[in-house]
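Visitor: Could we go through this structure together, one element at a time? I have the sequence and the coordinates open.

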Amino acid sequence: MTRDEWSRGRFAPPDFGFQYVPIQALSTLETRALARLTVVCAPPGYGKTVLLSRLFKQRHAQGERCLWLTLDDRNRDVLSLLALLRSALAREAKEHEHALPAAEADALAAPSEMMDVAQTLDAVVERISCLPGRTVLFIDNLGVCEDPLLPDLVKELLLHCSPNVHLVVSSTRAPPIDVSRLKLEVDVLELGERELSFDSNATRRLFQMAGFPVLAAQTLDEIQAHTEGWPAAVRLFQVLMSEERNLSAGTGGTNVPPTVTRRFNGDQREVARVLTERVLAHIGADRFQFLMEIALVHEFSAELAQFMTGYDEARSWLDDLVQRNVLIFHVDQERRWFRFHTLLRDYLLKEGKERIGPARRMEVLRKVAHWHVSRNDYVAALVSALDAPDVDLAQELIGRVAREVAADRGQMTLLVEWADRLMALGGKLPLQAQGWYVWALCHLMQYERARYALDAFDRLLSETKDQGARDSIADSDLAFLKLVLAVSLDTLDIAYLEALKWLKHDPGYDPLRTGTVAAVAAMADLDRGDLAEAQQHLDLAEGAIERSQSTFLRAWIGILRATLELSRARPDIADRLLRSAREAVTPQIGESASIVATIDFVRVKALVDLGELPQAHAPALHGLARGHHYGVTMTAELGLGGCVALLAEHGTTGLTDEVLDETARRYPPRVMAILSAQRMRHQLHVNHDVEEGGVLRRFLRPADPASSLLMRERGDWLLARIELMIAKGQLEQAREAIETELKLAQAQGRDSDRVSLLLAAMDALARLGRWRDAVRALARAIAIACPGNLIYPFLLYANVVANILEQVTMRDFGFVRACEINFLKHIRARLVRSDASLVRERDSFGELQPLTERETQLLRLINEGLSNQELADRLSVSLPTVKWHLKNLYSKLEVRNRSAALSKAREYGLITLT
């Protein structure tokens, strides 16, 4: 398949057929050092492309490296922009002394099979940073890119590249770049309508170059008044005056004909319409029909124009338009292909809607499609087939081009639009396009649509009786694509089944792919909580990836192994694995690489589990900074869980609920639900707030098997449901659920869940007044947690754990292992605090045991005359809990009733007379 349409006019400035007129913007650029970022923003017709082209040629002539990208409405994705940039870098590398070897340049130009934004961005940034000397990157028409990741791309190019990298962009609307913030980091120059407009001197100069050596002052003033310096309108005036001069030879042409000036109303669009109409009024009906028909395509050559319209004069007509500067220019170095200025094309398309009949329009566009097909340019052919429309041809073509458009060019939005248009016309996506359609929907974060499309892909594949077609699908790697898609869509059950089928028949010829599939299977195992099987698949993946020498996948294996250890209650090992993975990949791909951010994000969870919350702040911020374009549901769950803990415990600059929400929304819906569970757990433990919203109520209901938000019964989702039961006083129901889940967690080796479940049991038992059993549950949790130093669950249950530790001695736990004893001492040191304002010790205290905060509180309330039930209501605990506290209080005071307790408490100064 030819790449002419892909590259035509993309990597060099267009060739304008007129001389450049100096304006204020160019003067500003020439009299100051080139800014790191130059933004040229103005509506169509202000000469933005002309200015960038002029600056490009100047800088290039001075020996600077200049890269040029032209975008249009087919480049609305960051991946598409990056694909262009990779090609531009490869072209530059082949043309200069510092070039890469040919093979490496080809590899740079050829994107990965399933492009990942972060990986591609990292590769591009690394390549640009390595270029010697100054590099100036020109991006014309950047505003067409609507991707929310565009600001990240600009920041990477400016903040993580060498200071010798400069960016010059143009746009018809303010691009989604936080210019104010960038100004704090780098030098930024903004140029707008005022700097781009023609003043009187520029207008006079334009007319002088067009053969009007003397322009009457009145005429000049009229032109300035009607155009307000709008360059496109001034040029149209010049063309029109030249036309009028030619038609009325001998008049001198020093004044604008009155028939023009009387029709303006001051609106720019009206000025453009009237002037364009008048300029084209003299060309004749056939030539005007010709222009309307060729305006139906973005670019055209004389050969294409003649074939599609049937006019033999096509070449001479186009040459005449160029010679007269009628808003047309060459887009390629060979000067074979043309493009209309936006203003002229918009005018012609509008006129064509009224003057070109449906049958003629279809005939012309079908000719265009077949012309491109004959030259193997199937992408351009598809555009015209859809515009015609020719549904049968479009169906055939989209199957041919889907992989190139989605994988090679990164034009995800465009592929989705084409597929949607085809289906709206009654067409069907062929198998070859269905998988890439799902892939594009995933990249656009349209997860529900992608899920339905994947189901349709499954049905279509299963219903296909043509074995040759099925083999073709396998040969084109769509089976592998389907597996990776399932991970992106968070349908890990499908991914797991597909991975098992793949591994069963895998001949082992491609270790990279074998390792990837085995890693996907391990990910699905971890999601289900089956740690033993996850270990086996990780071993298989690691063996394959070692043979492939893939740094990226080796890092992913480290992340998955760390996830496994976190589930095993070994955050110490997880932290060691993540640090090792980071040290291995960072020297090769840099700090800003997406996989490094993923490592940091997962490490946040490991550090939080270790109780090292201050140390987790930096990796949390680094992980969140790239949280929009990396990772999977599992890594997002771990990183967000750690960030919720940081936010709840300490808070830190740059870490807010809004940032976490924004990150979660970049993933399938389950991530936001998990984030809600994580927040709710902290809300229950810290604020003791059980007010139920829509999300909270779901935790009390059995999971709906048909729901797209079906959660695994593990981790925060499992614990939030149980802890909500406890908070609402459903203690026996909670204990039953805990016993059931403890057995499953033990069978699967999910020791981290076992620790939290035992602490939940401790909480429920304490509320029931069964303190001896609560101590036993706490002891079991400590025994499991101490080998890996899993601290954080105990910090989360700090109130209950501290209450117990204040009432028992080390001997009550029966520990004999040194690690258990040291772990208990560490917890006691972090959680148990004396409060002199509540318990005032006296020298005569003697053998009296110190009271807990709760016991002191009870003494004061008893002194107020409250009954047991009133005590329970006041303290928001159960009646058995009150009785249990009173029993301990009487034991410490060595009394048997309230009156004796109050008397002795007053004697020891624990309370005062009321």
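Predicted model: local features only at pLDDT ≥ 70, side-chain atom pairs only at ≥ 80, totals over all residues.

**Helices, strands and their packing**

Visitor: Why is α38 described as largely enclosed?
Guide: Of its 13 residues, 12 are buried, so α38 is largely enclosed by the rest of the structure. Buried here means under 20% relative accessible area.

Visitor: Which residues of α38 are buried?
Guide: Among them are Trp717, Leu718 and Leu719, together with Asp716, Arg721 and Glu723.

Visitor: Let us change topic to β3. Is that strand mostly covered or uncovered?
Guide: Strand β3, residues 135–140, is mostly covered, with 6 of its 6 residues buried. Thr135, Leu137 and Ile139 are on one side, while Val136, Phe138 and Asp140 are on the other; both faces are covered.

Visitor: How many bridges join β2 to β3, and do they run parallel or antiparallel?
Guide: There are 6 bridges between β2 (residues 65–70) and β3, and the two strands run parallel. Within this pairing, tryptophan 68 has phenylalanine 138 of β3 as its bridge partner.

Visitor: What about β3 and β4?
Guide: Strand β4, residues 165–171, pairs with β3 in the parallel sense over 5 bridges. Valine 169 in β4 stands opposite isoleucine 139. Between these two strands the chain passes through helix α7 (residues 150–159), and this β-α-β crossover is right-handed.

Visitor: Now a helix pair: at what angle do α23 and α24 cross?
Guide: The axes of α23 (residues 431–443) and α24 (residues 447–463) cross at roughly 160° and come within 8 Å. That angle makes α23 roughly antiparallel to α24, since angles over 145 degrees count as such. Their crossing is left-handed.

Visitor: Finally, in which order do the strands of the open sheet lie?
Guide: The order is β6-β8-β7, 3 strands with antiparallel pairing. The edge strands are β6 (300–301) and β7 (328–330), each of which pairs on one side only.

Visitor: How many bridges do β6 and β8 pair over?
Guide: They pair over 2 bridges in the antiparallel sense, with β8 covering residues 337–340. The bridge partner of serine 301 in β8 is tryptophan 337.

Key: Residues numbered from 1 in each chain as written. Heavy atoms only, no water. Buried < 20%, exposed > 50% of the residue type's maximum accessible area, 1.4 Å probe, protein only. Helix = DSSP H or I, 4+ residues; strand = E, 2+ residues; numbered from the N terminus. Pairing = 2+ DSSP bridges. Right-handed = clockwise from strand over helix to strand, strands pointing away. Axes fitted to C-alpha atoms, helices over the stretch in contact; angles between N-to-C directions. Parallel < 35°, antiparallel > 145°, perpendicular 65-115°, else oblique. Left-handed = near helix turned anticlockwise from the far one by under 90°.
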